[in-house]
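Open the model in your viewer, with the sequence panel beside it. This tour goes from one selection to the next and says what is found at each stop.

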Amino acid sequence: MSTIEASTAVSVAQTHDQMNRSNRSGKTSSAHELLTTSVLTAVGTAALVGIHHRYRKQQHPDASLQDYVDGIRTQLQALRAAPDSTPKLSRLRYACEQAAATWKQAYHAVGDDNSDVPDFAVMHTTTMLARPVSWVSGVASMPKDQATSSQNEHDFGVVGIDADRQIVWQTTMPERVHDIVVQPVSVNVSEAQTQHSNVNQRRDVVVMGRRPSEKFWVLNTSNGQVQHAITADVNRHFYGHACYSLDGSLLYVTENDTVSLAGKIGIYDAHDAYQKVAEFDSYGIGPHELIMHPDSETLVIANGGIKTEQASREELNLDTMRPSLVYLNRHDGTLLEQVTPEHNQMSVRHLAMHNDGTVMIGIQFQGEKHINVPLVLTHKRGDGSFIPLIMPNNQWQRFHQYIASVAVDSERNLLCVTTPIGGCAAIYDLHTRELIDDVSLPDCAGASVLANSSALMSKIDKYAEPTGFIVSDGQGQLTALRVNTLPEVKLDVGDIELHERIIKDSQLHMMSFDNHLQAL
């Protein structure tokens, strides 16, 4: 494991004058860096081999340095001969690239002295392992060093998680974060290139501050290093969510006009260090989550309808709130369609998009607790109103009037919703719109589609669906949920065990995961 200061990942922010240096100077500098990195890598590798060999000689006097060469040759031959060698070789190559990058960044950290480059190391420290990332999550409470004197230092952070639900990197943040947004793969990158290269690891990941924050950060997906810190305009704050255009060139962010309290959508250029280039009305108050429609032309916005006082987060208009779902033209901000729920206190908060254009909607009800309203709805452009999913006996109180995240598996027509207040995660069958089952997961919030891994498949029931969902919670668990494909069986009275409708497998980490979890 290596610790890398995030300030070393800011080369993209260099000025045009620095980029336009003479070719001779650039070539000389590049050659010098390459030589230095190569020497550092060789020296470091030799030192590690020497230490290990000395230990081996103490245990095995006949040990030889030739053993290392023979071992590497044997492993490479085994990798090439294996039927699934491509993923293993790709993983090995990625690890080598990350090791080389670590040496190079360490060299730059010592040698660079550029006052024009922002110093992110003051607020962020990244710890990294050389493994590909499958998900990114916010963390409300990072692991504590026993020697740390201040309990408030570096409480908040962001982590990258691999396919086996292990932490790849963790980056401290100066404040609590909310949504995590991963930049889409460019349409110019072919599917073959995506599968056999590290293009997935080079995308940006945007981390939004928790509303009403005035910051968002842009990180490197592969290693978690902070590349940009963006501050809201005057009289603006962010509402905690964002989404990219499908080509990854523009970022759309929900914002608030702190003077008029009107909802705004800020547009930021991902190819120009996330400079703000435009702003649209959200046609509502308190816009929260927004997503991109599969047509790539339409923004879908959840206007929560709540006026929020910035300093205290106090909700100012619960009796008169006006939530809505809005469709906007992403190019010019034209209002295309607007739909309101049946009750004005059904705050439209969280969204997920099915590949067929159906919007999945999570509601947070702001009315009296005894009022029973549907909390999971769907809508498709042209529908006159929302359509609720089916809850057994209409007992929506099971979710305690609060849906934290929604995640959709379009291929299998499954929907996962979480409620930290209700302490459970539920999976719906979108073919029938009926609840398959819910499982107890205290303080769960983040939800995303599950990635397959050999380690995970070895742990789960052979009758489970090949994919499912991953759910994070405030107790440090990353839980895989898969639907049991066995038919429901009527058992005799004497039988005490029933087939579980949802198969659950949890892994515990020493941290508290926050509201949202995003898949790459």
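Which residue in β29 is the bridge partner of valine 483? Select valine 483 and look across to β29: the partner is isoleucine 502.

Before going further, note that this is a predicted model, in which local features need pLDDT of at least 70 and side-chain atom pairs count only at pLDDT 80 or more, while totals for chains, interfaces and linings use all residues. Residues are numbered from 1 along each chain as its sequence is written, and side-chain values use heavy atoms, with hydrogens and water left out.

**Stop 1**

Strands here are DSSP runs of E, at least two residues long, numbered from the N terminus; two of them pair if DSSP finds at least two bridges between them. Strand β28 (residues 477-483) is joined to β29 by seven bridges, and the two run antiparallel. They belong to an open sheet of four strands, ordered β26-β27-β28-β29, with antiparallel pairing. The edges are β26 (444-449) and β29 (502-508); each has a single partner strand, so one side of each lacks a neighbour in the sheet. From one strand to the next the twist averages 25°, taken between N-to-C directions of lines fitted to C-alpha atoms, on a scale from 0 to 180 degrees.

**Stop 2: cysteine 424 and cysteine 444**

Now select cysteine 444 and cysteine 424. A disulfide would be a pair of cysteine sulfur atoms within 2.5 Å; the count by this rule is zero. For cysteine 424 the closest cysteine sulfur is that of cysteine 444, at 6.3 Å, which is too far for a bond. Cysteine 424 is buried at 0% relative accessible area, and cysteine 444 is likewise buried at 0%. Buried means under 20% relative accessible area, exposed over 50%, and partly exposed in between, with a 1.4 Å probe and protein chains only.

**Stop 3: arginine 131**

Go to arginine 131, in the loop between β2 (125-128) and β3 (135-141). What does its side chain contact at 2.8 Å? The answer is the side chain of aspartate 162, in a polar contact (a pair of N or O atoms within 3.5 Å; within protein, one must be able to donate a hydrogen and the other to accept it, and residues adjacent in sequence count only if both atoms are side-chain atoms). The pair is also a salt bridge, with the closest N and O atoms 2.8 Å apart; the term covers a side-chain nitrogen of Lys or Arg within 4 Å of a carboxyl oxygen of Asp or Glu. Aspartate 162 sits in the loop between β4 (156-161) and β5 (167-173), so the bridge ties together parts that are 31 residues apart in sequence. Aspartate 162 and arginine 131 are both buried.

**Stop 4**

Aspartate 514 is buried at 4% relative accessibility, whereas arginine 176 is partly exposed at 28%.

Next, select glutamate 337 and arginine 381, whose side chains meet in a salt bridge at 3.2 Å, N to O. Glutamate 337 is buried at 16%; arginine 381 is partly exposed at 37%. To end this stop, select Asp233, Arg236, Glu255, Asp257, Lys276 and Glu279, which salt bridges with shared partners join into one network.

**Stop 5: strand β7**

Is strand β7 (residues 204-209) buried or exposed? Six of its six residues are buried, so the strand is largely enclosed by the rest of the structure. Asp204, Val206 and Met208 point one way, and Val205, Val207 and Gly209 the other.

Four bridges join β7 to β6 in an antiparallel pairing, where valine 177 stands opposite glycine 209. Five bridges join β7 to strand β8 (residues 215-220), also antiparallel, and valine 206 stands opposite valine 218 there. A hairpin of five residues leads from β7 to β8.
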